[in-house]
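This briefing concerns side-chain interactions in a single structure. The points below are grouped by topic.

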Amino acid sequence: MSEREQYIEKAKARIDQWNAEIDKMKAKLDEAEADAKINYQKQLEEMRTQRDATEAKLKDLREASDTAWDDMKSGFDKAWDSLSSSFNSAMSRFKG
């Protein structure tokens, strides 16, 4: 497996972790009282938005030509850091 394929697989695994967290939060939302549901729903939507944005960036990365790979990887790394921070922030508010 090439370095590029390993990188993409690793990114997919991290997104899968986010999907698992979203599923856990959805279960928590289903059990919440009405007033808490509104707040949970907002946090869940924010988490999904961050996940979707990351998946779109990963798709671009996967489809990048070999010549564009390094630039795309660098851009993905920066986007990942930002999106990961936003996702974790939303998740912590959800748990709080």
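In this predicted model, the side chains of R51 and N19 form a polar contact at 2.8 Å. R51 belongs to helix α2, which covers residues 34–63.

**R51 and its surroundings**
- R51 is buried, its relative accessible area being 15%.
- Leaving aside residues up to four places away in sequence, R51 touches I15, W18, N19 and I22.
- R51 also takes part in a network of salt bridges with D52 and E55.

**Helix α2**
- Helix α2 comprises 30 residues and spans 43 Å from its first C-alpha to its last, close to the 44 Å expected at 1.5 Å a residue.
- The buried residues of α2 include Y40, L44, M47, R51 and L58.

**Salt bridges**
- Eight salt bridges are found in a search of the whole structure.
- In helix α1 (residues 3–31), K24 and E21 are three residues apart, so about one helical turn separates them; their side chains form a salt bridge at 3.2 Å, N to O.
- E21 counts as buried, with 17% relative accessibility.
- E45 and R48 form a salt bridge in which the closest N and O atoms are 3.2 Å apart, and both residues lie in helix α2, three residues apart.
- E45 is partly exposed at 38% relative accessible area, and R48 is partly exposed at 23%.
- K59 and E63 are joined by a salt bridge between their side chains (3.2 Å, N to O); they are four residues apart in helix α2, and therefore about one helical turn separates them.
- K59 is partly exposed at 44%, whereas E63 is exposed at 55%.

Conventions:
Residues numbered from 1 in each chain as written. Predicted model: local features only at pLDDT ≥ 70, side-chain atom pairs only at ≥ 80, totals over all residues. Heavy atoms only, no water. Helix = DSSP H or I, 4+ residues; strand = E, 2+ residues; numbered from the N terminus. Buried < 20%, exposed > 50% of the residue type's maximum accessible area, 1.4 Å probe, protein only. Polar contact = N/O pair within 3.5 Å; in protein donor to acceptor, adjacent residues only side chain to side chain. Contact = heavy atoms within 4.5 Å. Expected span 1.5 Å × (residues − 1). Salt bridge = Lys/Arg side-chain N within 4 Å of Asp/Glu carboxyl O.
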